[in-house]
Amino acid sequence: MSVELNHTIIHCRDNRESADFLAHILGLNTGREWGPFIPVVLANGVTLDFASIPAESITAQHYAFLISEAEFATAFERIKAQGIAYYADPHRKLPGEINHNDGGHGIYFPDPNGHGMELITRPYGGWS
């Protein structure tokens, strides 16, 4: 059996709000609540399970999503329409810019809990 990532848990203040936020940006569906989780299933079958915990217990994490150029354009328009700050770099030194790493497009933006979200259209280093 090959090894695949099946799911990961994303801590947040409000699991519904956070799952709906990311699903909207990426054009995905939010799943039905299952126990303490609200799932968002990605195209490769990986599930992001959003779980509510106290705000002071949340440690900011980084989540990067490889998407097509068309999906990037749509997601980018949603980000701009919602007035979400975005950056060309993870250190937030290039606000309002897009990076063109490896010949693609990429941006970083915060989710409602301070997690760093990244959208890229090409894998880093040309890996596929």
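Here's a quick briefing on the aromatic pairs, the nonpolar core and the sheet in this structure. Keep in mind that the model is predicted. There are four aromatic pairs in it, a largest nonpolar core of 27 residues and an open sheet of three strands.

**Aromatic pairs**

- The structure holds four aromatic pairs.
- Phe21 and Phe109 are both buried.
- Trp34 and Phe37 make a stacked pair, because their planes are at 20 degrees, under the 30 degrees that counts as stacked. Their ring centres are 6.2 Å apart.
- Buried or exposed? Trp34 has a relative accessible area of 63%, so it's exposed, while Phe37 is at 15% and therefore counts as buried.
- Phe72, Phe76 and Tyr86 come together as one aromatic cluster.

- As background, nonpolar side chains tend to be buried together in soluble globular proteins.
- At least two core residues come from each of β1 (7–12), α1, β2 (37–41), β3 (47–52), β4 (62–66), α2 (69–81), β5 and β6 (116–120).
- Which element gives the most to this core? That's α1, with six residues.
- Leaving aside residues up to four places away in sequence, Ile25 touches Ala75, Arg78, Ile79, Gln82, Ile84 and Phe109.

**Sheet and the helices on it**

- The three strands of the open sheet are ordered β4-β6-β5, with mixed pairing.
- β4 and β5 are the edge strands; each has a single partner strand, so one side of each has no neighbour in the sheet.
- From one strand to the next, the twist averages 20 degrees.
- β5 and β6 run antiparallel and are joined by five bridges. Pro110 has Gly116 in β6 as its bridge partner.
- α1 packs on the sheet, touching β4, β5 and β6, and its direction makes about 160 degrees with that of β5.
- α2 packs on the sheet too, touching β5 and β6, with its direction at about 35 degrees to that of β5.

Definitions and conventions. Residues are numbered from 1 along each chain as its sequence is written. This is a predicted model: local features need pLDDT of at least 70, side-chain atom pairs count only at pLDDT 80 or more; totals for chains, interfaces and linings use all residues. Side-chain values use heavy atoms; hydrogens and water are left out. Rings of Phe, Tyr and Trp (its six-membered ring) pair if their centres lie within 6.5 Å; planes under 30 degrees apart count as stacked, over 60 as edge-to-face and the rest as tilted. Buried means under 20% relative accessible area, exposed over 50%, partly exposed in between (1.4 Å probe, protein chains only). A nonpolar core is a set of buried Ala, Val, Leu, Ile, Met, Phe, Trp, Tyr and Cys residues joined through side-chain atoms within 4.5 Å. Helices (H or I, at least four residues) and strands (E, at least two) are DSSP runs, numbered from the N terminus. Contact means heavy atoms within 4.5 Å. Two strands pair if DSSP finds at least two bridges between them. Axes are lines fitted to C-alpha atoms, for helices over the stretch in contact, and angles run from 0 to 180 degrees between N-to-C directions.
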